[in-house]
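The following note comments on the fold and on one of its strands. Please read it alongside the sequence and the structure shown here.

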Amino acid sequence: MEPVILRTARLELSRPVETDVEAIFEACQDAGIQRYTTVPSPYTRQHAEAFVEKVAADWASAAHLTWAMRHEAGLAGMIGLYRLDGKGTGELGYWVTPASRGRGLLTEAAHAVLDWGFAADGLDLDRIEWRAVVGNTASARIGRALGFRYEGLVRRGLVSTHGRDDGWIAGLLRDDDRTPQPWPVLDR
Ligand SMILES: CC(C)(COP(=O)(O)OP(=O)(O)OC[C@H]1O[C@@H](n2cnc3c(N)ncnc32)[C@H](O)[C@@H]1OP(=O)(O)O)[C@@H](O)C(=O)NCCC(=O)NCCS
């Protein structure tokens with residue numbers, strides 16, 4: 001698949017490229033990104049270079065689609081639709097650079113990615129999943145705000161360089177409304 005560019009009020013989403021390597025390397029030193037995503041830890045410049053190459057290959061095969069979130073201040077984060085099975089399912093994933101957090105940029109980017117993922121002239125997905133390590137409440141608040149329905153706990157279901165973690169899982173269907181739903185793990 002040819003890389004797709006998405007635009008929102010404050011962001012341009014486009015494939016990460018070689019000139020992003022330094023910013024990706026710096027962002028991925030963040031303890032939260034290392035703990036809650038699948039990036040290697042410790043994270044080297046070579047990891048960032050390999051990531052950019054892999055993203056290009058993954059766009060070509062349409063297995064995983066990753067966008068750099070570009071803001072006027074530079075690289076704000078990374079967002080993508082992963083594990084695309086070609087049968088209508090994908091998974092939303094993301095991180096935001098520490099300097100760009102708390103301004104709603106991720107929420108804004110995620111709406112655009114979900115809209116395109118479900119659109120008939122986009123990926124035409126039926127279901128988009130969301131997973132996070134148990135305890136990642138910042139990410140869970142975003143999942144809830146985007147309209148994902150909390151679906152349960154996957155015991156030791158998430159694998160990263162830290163080993164296996166219990167995970168929260170949520171899902172959003174094409175015809176779900178995006179009104180925030182109660183999430184028992186956040187609302188109690
Ligand atoms: C989780 C993570 C992506 C959140 O990024 P963020 O920049 O804080 O996200 P946003 O700014 O879009 O939203 C967070 C909060 O800002 C609020 N916000 C601030 N300004 C906003 C605006 N203009 N519009 C919408 N929301 C806004 C949101 O309502 C939300 O508030 P809440 O948490 O009280 O509900 C970030 O902390 C991160 O990268 N963590 C490490 C990696 C990670 O955990 N990735 C996810 C793995 S599952």
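1. For charges, Lys and Arg count as positive and Asp and Glu as negative, while His and the chain ends are not counted; each charge is placed at NZ of Lys, CZ of Arg, CG of Asp or CD of Glu. On this basis the protein carries 22 positive and 26 negative side chains, and the centres of the two sets are 6 Å apart.

2. This is a predicted model, in which local features need pLDDT of at least 70 and side-chain atom pairs count only at pLDDT 80 or more, whereas totals for chains, interfaces and linings use all residues. Residues are numbered from 1 along each chain as its sequence is written, and side-chain values use heavy atoms, without hydrogens and water.

3. Six helices and eight strands make up the secondary structure, helices (H or I, at least four residues) and strands (E, at least two) being DSSP runs numbered from the N terminus. Their order from the N terminus is β-β-α-α-α-β-β-β-α-β-α-β-β-α.

4. Across the protein, 46% of the 188 residues are buried.

5. Strands pair if DSSP finds at least two bridges between them. Strand β3 (residues 65-71) runs antiparallel to β4, with seven bridges, and L65 has L81 as its bridge partner in β4.

6. Six residues lie between the strands in the hairpin of β4 and β5, where R83 adopts a positive phi near 50°.

Conventions: Buried means under 20% relative accessible area, exposed over 50%, partly exposed in between (1.4 Å probe, protein chains only).
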